[in-house]
Amino acid sequence: MGEVSWPTPEELQLNAIRKIVSEMSGRGVEEVQIAISPYRICPLGAHIDHQGGAVLAMTIDKGILLGFVPSGDTQVALRSGQFKGEVRFRVDETQHPRHSVGKNGEILADDSSKLQEECNWGNYARGALYALASRGNKITQGIIGYICGSEGLDSSGLSSSAAVGIAYLLALESTNNLTVSPTENIEYDRYIENEYLGLRNGILDQSAILLSSQGCLTFMNCKTKEHKLVHPPKLPKTHKTEPQKAYKILLAFSGLKQALTTNPGYNRRVAECQEAARIILNASGNNKMEPILSNVQPEDYEAHKSQLDPDLAKRAEHYFSENMRVIKGAEAWASGKLEDFGKLVSASGLSSISKYESGCEPLIQLYEILLRAPGVFGTRFSGAGFRGCCLAFVDADRADEAASFVREEYRKVQPKLASQINGKEVMICEAGDCARVI
C-alpha cells in the first residue's frame, strides 16, 4: 500500500475558509476563491525607509487569507476570524476618508479606541473600494467573504495592515474582472492607508507583499521607489554542493501589544533623523534640500558629523551604517553566503539598540537569546522595534532545536509575558511568495 497523504495545517485552514464562505453564500465550496496576502519581514534596512534609505524585504509563508465569492449584486458582506459581527455595505455607496486633518497637518483618526476598532474592522474593505473607485475603476459587483490570519500567529511587526488592504483589493479586482499591475496595487494600498485611514506610513510593506518572489529578497530604494529582486545563486545541476544553505525563518514573539502610534519613541526618532539631516545639509551648503538623511552625501556626513549632538550623531551613524549593510547584504544573498548575511542582520539588530535606541527590555532580551540559540545565522527586531517580535534566519536542520531554546530561555526572563502567549512564543516559517488569488 502507498503512503497516506494527510492534509497540511495550511490546507486544512484553506478548506475551513472555503466551507465558511460556502455556508455564508449558499454556493459550492469549489466556487470559493482565496486571496493570499503574505506578511513581510525586513532582514536589513531597519529604521531608514522614512529617510529614503534602502531596504531588503521578503515575505513569509504566513499571512492574511480572504475567502470570497462574487455576491451577484452590489452588496458586500464580510465576516472575520478575529472580530465579531458582520460588515455590510454596497459598492455603489460613496466612501469617505475615516480621518480628518487638524491644524499643522496633523491627522486625526475618527476611530482610535479598541471598541471602535471592533465595530470598524471593515474599514480596510471600504478603503479598498474607495481606492479603486476614486481612481476611475468601475466596481459594479460586491463580494461575500471571510477574512482571517494564519493560525497561531501574532502579526505584531509583520505588516498585517498592508496585507489586509491588499487582500481586499485583489478580491474586488478579481470579482470585477479588473486587470491591475502590482505597482498600481502598491499605490492603491497606499491610498487605503494614507488617504482613507490616515496612517502615515510609506510603501515598503505593500511593495514587499506585492513584488516578492519565492526565495528572493526585494531590494528597494525608498527615495526613488526603484526595486529589484535579489536571487539566491543558481549553480549547475552537476554541482555537488547546495547553492545556498537550507534555512528557515524563526519568529520569536515578545507578547507586547502596545500600538506603534501611542509610543512617542517612533515619531521622535524620525524627527531626530530629520534634524541631523538639516544640520549637515546646512553645514554643507545644501539647505534647500528636503531634510532627510538620503539627501546627505556620505562625504558631507563625515566632514560635518562633529556638529551633531550625541543623540543626533547616533541616529545618523545608524542610518549610514545600515544603508551600507543593505548593500553588503544583497551581495551576500546573491553569492549564497548565508553566514555573512546573518552577521549583517545581527549587526543591524545591535545598531537598532545602541545607535537608533529602539527596542524595550523584552525585545532586547529576545534578541540576545536568539544570538545564543543553536543554528541561528542572524537576528534582529521585526517592525519598528517598539513592540512585536524578533526575526532570525536559522539553519533548517536546527530550527526546532533553536525554537525550543528560545521558548525555555524567554520564559526564564519574562515569565508573565511568556505565559500570556503560552506555546506561541516561537513560530518556524518558510520564505513566501507574492500576494495572489487561488
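Ground rules before going on. This is a predicted model, where local features need pLDDT of at least 70 and side-chain atom pairs count only at pLDDT 80 or more, while totals for chains, interfaces and linings use all residues. Residues are numbered from 1 along each chain as its sequence is written, and side-chain values use heavy atoms, with hydrogens and water left out. Helices (H or I, at least four residues) and strands (E, at least two) are DSSP runs, numbered from the N terminus.

**H4 with H5.** I looked up the axes of H4 and helix H5 (residues 182-196): they come within 10 Å and cross at roughly 120°. Axes here are lines fitted to C-alpha atoms, for helices over the stretch in contact, with angles from 0 to 180 degrees between N-to-C directions. The pair is therefore oblique; under 35 degrees would be roughly parallel, over 145 roughly antiparallel, 65 to 115 roughly perpendicular, and the rest is oblique. On the H4 side I listed Ser161, Ala162, Gly165, Ile166, Leu169, Leu170 and Glu173, and on the H5 side Asn185, Tyr188, Asp189, Ile192 and Glu193; contact means heavy atoms within 4.5 Å. I sorted these into six nonpolar, three polar and three charged. Nonpolar covers Ala, Val, Leu, Ile, Met, Phe, Trp, Tyr, Cys and Pro, charged covers Asp, Glu, Lys and Arg, and the others, Gly among them, are polar.

**H3 with H4.** Next I checked helix H3 (residues 123-134) against helix H4 (residues 160-175): their axes come within 9 Å and cross at roughly 55°. H3 and H4 are therefore oblique too, and their crossing is right-handed. H3 brings Tyr124, Ala125, Ala128, Leu129 and Leu132, and the H4 residues include Val164, Tyr168 and Leu172. My tally for this contact is nine nonpolar, two polar and one charged.

**H4 with H6.** The axes of H4 and helix H6 (residues 204-211) come within 9 Å, crossing at roughly 55°. That makes the pair oblique. I noted Ala162, Ala163 and Ile166 of H4 meeting Asp205, Gln206, Ile209 and Leu210 of H6. By class I have five nonpolar, one polar and one charged.

**H9, end to end.** Helix H9 (residues 310-334) has 25 residues.

Terms used: The expected span of a helix is 1.5 Å times one less than its number of residues. A crossing is left-handed if the near helix is turned anticlockwise from the far one by less than a right angle, and right-handed if clockwise.
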